[in-house]
Amino acid sequence: MKILVAVKRVVDLNVTVRAKADGSDVDVGNVKMGINPFDEIALEEAIRLKEAGRASEVLAVSLGEAACQDVLRHALAMGADRALLVETSAELQPLAVAKVLKAVAGREAPDLVILGKQAIDDDAGQVGQMLAALLGRGQGMFASAIEIADKRVEVVREIDGGSETVSLALPAVVSADLRLNAPRFVKLPNLMMAKKKTIESSSPEELGVDVAPRLKRVKVAEPAPRQAGVKVASVEELIAKLRNEAKVL
Ligand code: AMP
């Protein structure tokens, strides 16, 4: 069984991003970048399935500029067998990413595609669902557990107020939630070895996909600064404030 994992290069989780002065976008110049945390979980799951003898190959795919090679090397160091960069300098919106991944899936014929449940930069949470629809395959989004058996995948999904289990015929598309696993620590020797591995390359043009943006970003603004808090001298004062001054925002 072949597993395709989509990995996005995003601003590091710990970086506080700022809006550009002209409000046109987020300023990512000179900030630390890394693998999208949910994609690392997706990769970990694919590699565990391989280690358990349920999968034969794990292919990591990233779309974006040449710099995305670093997240692909991270994927190889974790244990992915192959890495593919679909290189483009175009602004990629979720529908374009889904179309490119569909084209890659058309070539590679994976039995399972695992994505992150969302990219922490755009927080769209759309690519997995769009990809499943474009491929005409079943989808198990927000997975907290995955079990493969008899050409089917059973996915426990995080839903409001609990969990739901769905059974999908393979090939299928699954997205990883936080509780699916804790990704392994990548050791330095593995990173060094991954540096020697070949990263395959393609482009949206070669795959025959038009990635032109369909949505126009109108404005990016930072949240209003939080107002300073006040200290109260007694429980009575607190209750009075809650009763007379507190407002539901
Ligand atoms: P989103 O719908 O943008 O929140 O992204 C959901 C998931 O799609 C991510 O967690 C990734 O697995 C995948 N994805 C989105 N953009 C890219 C990209 N540029 N390259 C590779 N995978 C991506």
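**Reading helices and their surroundings**

User: Hello! I would like to start with one residue. What is the relative accessible area of Gln126?

Analyst: Gln126 has a relative accessible area of 34%. Buried means under 20% and exposed means over 50%, so Gln126 counts as partly exposed. Please keep in mind that this is a predicted model.

User: Where does Gln126 lie?

Analyst: Look in the loop between E8 and H4 for Gln126. Its C-alpha atom is 8.6 Å from that of Ala98, although the two residues are 28 apart along the chain.

User: Let us move on to helix H4. Which of its residues are buried?

Analyst: H4 spans residues 127–135, and Val127, Gly128, Leu131 and Ala132 are buried there. To see how they are arranged, look down the axis of H4: the buried residues fall within an arc of 130°, so they line one face of the helix.

User: What covers the buried residues of H4?

Analyst: The cover includes helix H3 (94–108) together with the strands E8 (112–116), E9 (138–149) and E12 (172–176).

User: How many residues of H2 are buried?

Analyst: Eight of the ten are, so H2 is largely enclosed by the rest of the structure. You can find them as Val71, Leu72, Arg73, His74, Ala75, Leu76, Ala77 and Met78.

User: What covers those buried residues of H2?

Analyst: Helices H1 (37–51) and H5 take part, and so do strands E2 (9–11), E5 (33–35), E6 (57–64) and E7 (82–87), among what the cover includes. H2 is followed by Gly79, which has a positive phi near 140°.

User: How do I describe two packed helices?

Analyst: The general idea is to give the angle between their axes and the distance between the axes. Here, take H2 (residues 69–78) and H5 (residues 188–196): their axes come within 8 Å and cross at roughly 120°. H2 and H5 are therefore oblique to each other.

User: What is the handedness of the crossing of H2 and H5?

Analyst: That crossing is right-handed.

User: Which residues of H2 and H5 meet?

Analyst: From H2 come Arg73, Leu76 and Ala77, and they meet Asn190, Leu191, Ala194 and Lys195 of H5. Sorted by class, this contact has four nonpolar residues, one polar and two charged. Arg73, Leu76 and Ala77 are also among the buried residues of H2.

How values were computed. Residues are numbered from 1 along each chain as its sequence is written. This is a predicted model: local features need pLDDT of at least 70, side-chain atom pairs count only at pLDDT 80 or more; totals for chains, interfaces and linings use all residues. Side-chain values use heavy atoms; hydrogens and water are left out. Axes are lines fitted to C-alpha atoms, for helices over the stretch in contact, and angles run from 0 to 180 degrees between N-to-C directions. Helices (H or I, at least four residues) and strands (E, at least two) are DSSP runs, numbered from the N terminus. Angles under 35 degrees count as roughly parallel, over 145 as roughly antiparallel, 65 to 115 as roughly perpendicular and the rest as oblique. A crossing is left-handed if the near helix is turned anticlockwise from the far one by less than a right angle, and right-handed if clockwise. Contact means heavy atoms within 4.5 Å. Ala, Val, Leu, Ile, Met, Phe, Trp, Tyr, Cys and Pro count as nonpolar, Asp, Glu, Lys and Arg as charged, and the others, Gly among them, as polar. Buried means under 20% relative accessible area, exposed over 50%, partly exposed in between (1.4 Å probe, protein chains only). The arc is that of the directions from the helix axis to the C-beta atoms.
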